[in-house]
Amino acid sequence: MRKLALIALMAFASPALAEDVTVDSILGKTLEEVQASLTAMGYEVRKAEMEDGKIEVYFVRDGEMGEVYVNPETGAVTKLDLKG
Amino acid sequence: MFIVTRQYSGRESAREIAVWDPLVRLIHWSLALTILLNGAFLDAESKSHEWVGYIALALVGLRLVWALIGPKHARFSAFPPNPVRAINHIRSMFEGDRTIFISHNPIGAMMVYNIWLSVIAIGVTGYMMTTISFFGVEWVEEAHEVIFGWLIFSVMLHVAGVLFDTWRTGVNLVRAMVNGRKNIPEWHDVI
């Protein structure tokens, strides 16, 4: 339910469906929330885990791969690593 | 007394045999360096980690080609991958046989192939992690790490084996990999 609400919120807040993840994105405070946010943005989540107290998620979309680190206290991106 | 005398004369007239050509030595120490760099110094997420890994792969590739076209002692035929020979070698070693193999001895040969295959497997899984199909795929990452652990264990065994065989036969194997020459004490048979 919370996931749905979050997705609805994301959709509402950002009319463009293929929104990109940026260093300013707020993705969520738990593994599940961050995964849901990225999925809602059209990314395929490959792996999500806790790494040194941060949420780390591997994602791909349209031939692009990336890794994002999220601070679970603020839900904000702390590091974004996009590869080719 | 006679035996002691013979040993002394043997030591004095120890033969030096050129075994490892410059390319074999260069590849050996370069590969050791790439393993050290990637295992201990470079950030696993960095570009340099990737490049050093590809260099390691290229070194093994070059060595395999050299094992086909290189000098006699560097060739596959000088140290065939043969587990039966390795087991026989262990047995005859315990029976006191001190025959010296000019190239790798049969157990050393198995270690050589093990290390090369491990490096190839680590390189291939490492490359896979950079492709869209396998990026972030757990089993690939795990395989990369587990095989690396196996490689480090193998390298430790390799070093232990080199020290043991140097002690057992009197042939300084580390020196041989540096200057290419094996000092063969005279009382040994040589294959």
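Here is a short chat about a predicted model with a chain A and a chain B.

User: What do the strands form, and in what order?

Analyst: The 4 strands of chain A make an open sheet, ordered E1-E2-E3-E4, with antiparallel pairing. At the edges sit strand E1 (44-51) and strand E4 (77-83) of chain A, and each of them pairs on one side only. On average, neighbouring strands in this sheet are turned by 15 degrees against each other, if you ignore direction.

User: Can we zoom in on E2 and E3 of chain A? How many bridges join them?

Analyst: Strand E2 (residues 54-61) and strand E3 (residues 64-70) of chain A run antiparallel and are joined by 7 bridges.

User: Which residue is the bridge partner of Val57(A)?

Analyst: That's Val68(A), which is in E3(A).

User: Now the loops. Where does Asp52(A) lie?

Analyst: You'll find Asp52(A) in the loop between E1 and E2 of chain A. Its phi is positive, about 50 degrees, although Asp52(A) is not a glycine.

User: Is Asp52(A) buried or exposed, and why?

Analyst: Exposed, because Asp52(A) has 6 C-beta neighbours inside 10 Å, and a residue counts as exposed at 12 or fewer.

User: What about Asp62(A), where is that one?

Analyst: Asp62(A) is in the loop between E2 and E3 of chain A. Asp62(A) has a positive phi near 50 degrees, and it's a residue other than glycine. With 9 C-beta neighbours inside 10 Å, Asp62(A) counts as exposed.

User: So how much of chain A is buried?

Analyst: Buried residues make up 25% of the 84 residues in chain A.

User: Switching topic: how many residues does the contact take from chain A and from chain B?

Analyst: It takes 6 residues from chain A and 5 residues from chain B. On the side of chain A that touches chain B, E1 and E2 of chain A each supply at least two residues.

User: How do the residues on that side of chain A divide into nonpolar, polar and charged?

Analyst: On the side of chain A that touches chain B, 3 are nonpolar, 1 is polar and 2 are charged.

Methods. Residues numbered from 1 in each chain as written. Chains lettered and ligands numbered in written order. Predicted model: local features only at pLDDT ≥ 70, side-chain atom pairs only at ≥ 80, totals over all residues. Pairing = 2+ DSSP bridges. Axes fitted to C-alpha atoms, helices over the stretch in contact; angles between N-to-C directions. Contact = placed C-beta atoms within 7 Å. Nonpolar A, V, L, I, M, F, W, Y, C, P; charged D, E, K, R; others polar. Buried ≥ 20, exposed ≤ 12 C-beta atoms within 10 Å, placed from the backbone.
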